[in-house]
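I opened this notebook to keep track of what I look up.

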Amino acid sequence: MTKTWAVLHDRDARLFLTAVTVSGFGTSALWLVSGVWVKDLTGSDRLAALCMLAIWAPTLAGPLLGALADRVPRKPLLIAGSLLLAALLPVLFAVDGPDRVWLVLTVLFVYGAAGVVHDAAESALVAGAVAPPLLGGFNGLRMAVTEGMKLVAPLAGAGLYAVQGGPGVALLDAITFVLAALLYAGLRVHQSRPAPLAPPTSTDSGDEPSGRTATAPRSPRRGPPATHRRTLFKRTPTAPEAPDLSQTTPSRPTLFRHTAAAPKTPGLSPPATNRRRPSRRTPAGAGARHIWAHPILRPLILAGGTTMFFAGLNGALIYAVIDGLGHSPAYAGALYAAQGAGSVAVGLVSGPALRRLGERRFAAYGIALTAVAAGLRAIPSDPLALACSAAIGAGLPCVLIAALTAVQRETPDALLGRAVATAHTLVYTPNVLGLAAGAALVELVDQRPLSALLGVAWLATAVPLFQRPASAPRIASRSPSDANPA
């Protein structure tokens, strides 16, 4: 816990988290109000549901949108994206009847696309700034802040909507993005365009990648990086250099820094002529290939996607659970509040838990807790239902935090934006499919046996993560020639 809170001692870390808090408040308020607004204008449940679909649809294009975070300087991209949304949201002032609902859906679609780019740029920027041991704590605090906003922002948005209508909430969200842009501008970060790095070795030989340190060797004729200005977001050299050249060191200690690369041992790095340096035009699918070839990332992302599919199924059963308890649909507010409280709690302790357990076991324990809680919803009991909601809220974020932290640690900087966006696509798209499947099953099968079966199937997802991963030497021994002898 001490190291988790140590993140807050850094000025830039506090600015990042404050920006997430401010913009997250406006986003959570708008997400709730947009559906209510369209429902009031049209009376159509279908059009109201399209609001959420419009926001989530751009996630399918995550690999393409995330490429922007690898080809454009990330700090200016965050500022520009926030100001773009601040300028776009006032368009909703023109919505005054059912014939203008298309404006709401269009703005929400652009909103979702900008959010994909924003998340990729922010995650990539943080990954290069926060020391690796603190990444889990930072991501946990970010999760706690995001979930905390979901507890208070919808109520505030609903109250403002009752007084000022939809345009009032749109204006509030626009103001939060302006404030977020100012916070991003205050970061003491001077980042150039992300430098292209060599792809991870696992894509070629099956070796376990060495994360962001897997870069192409620097030519001996090139000198060390220029030191004419101070920078926090600067990549330290990772390639062999001449013995008489020393690396630059930051002028003051900071949590927001790049860590030094692994010690350079002569003869281990291949010649520069044998290592292909990808250009900035590297295909958007490079992030997906990196994740799939990586022995650490692939099982975490697969577990995350499977978990979110089951989470969608479980979410579709919520009103059937409430019916079984004998309450009105409004009782969902109490269950969601308990779930949000669980998510905030796990976000605060995720840093120490990740350091003690590692990503795989942290994710596995979280999945197991969520699965057991989802299965116990088959028992009709108010105290148990609230406890299960809190347990689901605590367990579900574990695999998400673990997967994002692993992607940030194990991905070269030149691929990080695409890898993060691709991971979001692979993890969150199954949630939509699970919601659709759950909506169909709940009409055909009783909720109690369905919840019990869901819990058992969900628990099986955690089993592979409890197994010991293959070691790097073992993976390296599986060469293409061994698998397919000539």
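I count a contact when heavy atoms lie within 4.5 Å. The model is predicted, so I note its limits: local features need pLDDT of at least 70, side-chain atom pairs count only at pLDDT 80 or more, and totals for chains, interfaces and linings use all residues. Residues are numbered from 1 along each chain as its sequence is written, and side-chain values use heavy atoms, with hydrogens and water left out.

**Entry: isoleucine 318.** I looked up what isoleucine 318 is in contact with, leaving aside neighbours within four places in sequence. I found Leu335, Tyr336 and Arg377. Isoleucine 318 belongs to helix 11, residues 318–325. Helices here are DSSP runs (H or I, at least four residues), numbered from the N terminus. Is isoleucine 318 buried or exposed? It is buried, because its relative accessible area is 4% and buried means under 20% (exposed is over 50%, partly exposed in between; 1.4 Å probe, protein chains only).

**Entry: threonine 27.** I then turned to helix 2, residues 11–42, which holds threonine 27. Threonine 27 counts as buried, at 17% relative accessibility. Not counting residues up to four places away in sequence, it touches Tyr111, Asp173 and Phe177.

**Entry: helix 13 and its partners.** I looked up helix 8 (residues 132–185) against helix 13 (residues 382–410). Their axes come within 9 Å and cross at roughly 140°. That makes helix 8 oblique to helix 13. Axes are lines fitted to C-alpha atoms, for helices over the stretch in contact, and angles run from 0 to 180 degrees between N-to-C directions. Under 35 degrees is roughly parallel, over 145 roughly antiparallel, 65 to 115 roughly perpendicular, and the rest oblique. Among the residues that meet are Leu135 and Met143 in helix 8, and Leu400 and Ile401 in helix 13. The contact residues divide into 8 nonpolar, 5 polar and 1 charged. Nonpolar covers Ala, Val, Leu, Ile, Met, Phe, Trp, Tyr, Cys and Pro; charged covers Asp, Glu, Lys and Arg; the others, Gly among them, are polar.

Next I took helix 12 (residues 332–376) with helix 13: the axes come within 4 Å and cross at roughly 35°. This contact has 27 nonpolar, 10 polar and 2 charged residues.

**Entry: cysteines.** How many disulfides does the structure hold? I found 0, taking a disulfide as a pair of cysteine sulfur atoms within 2.5 Å. Cysteine 388 is buried at 3% relative accessible area, and cysteine 398 is buried at 6%.

Conventions
Helices (H or I, at least four residues) and strands (E, at least two) are DSSP runs, numbered from the N terminus.
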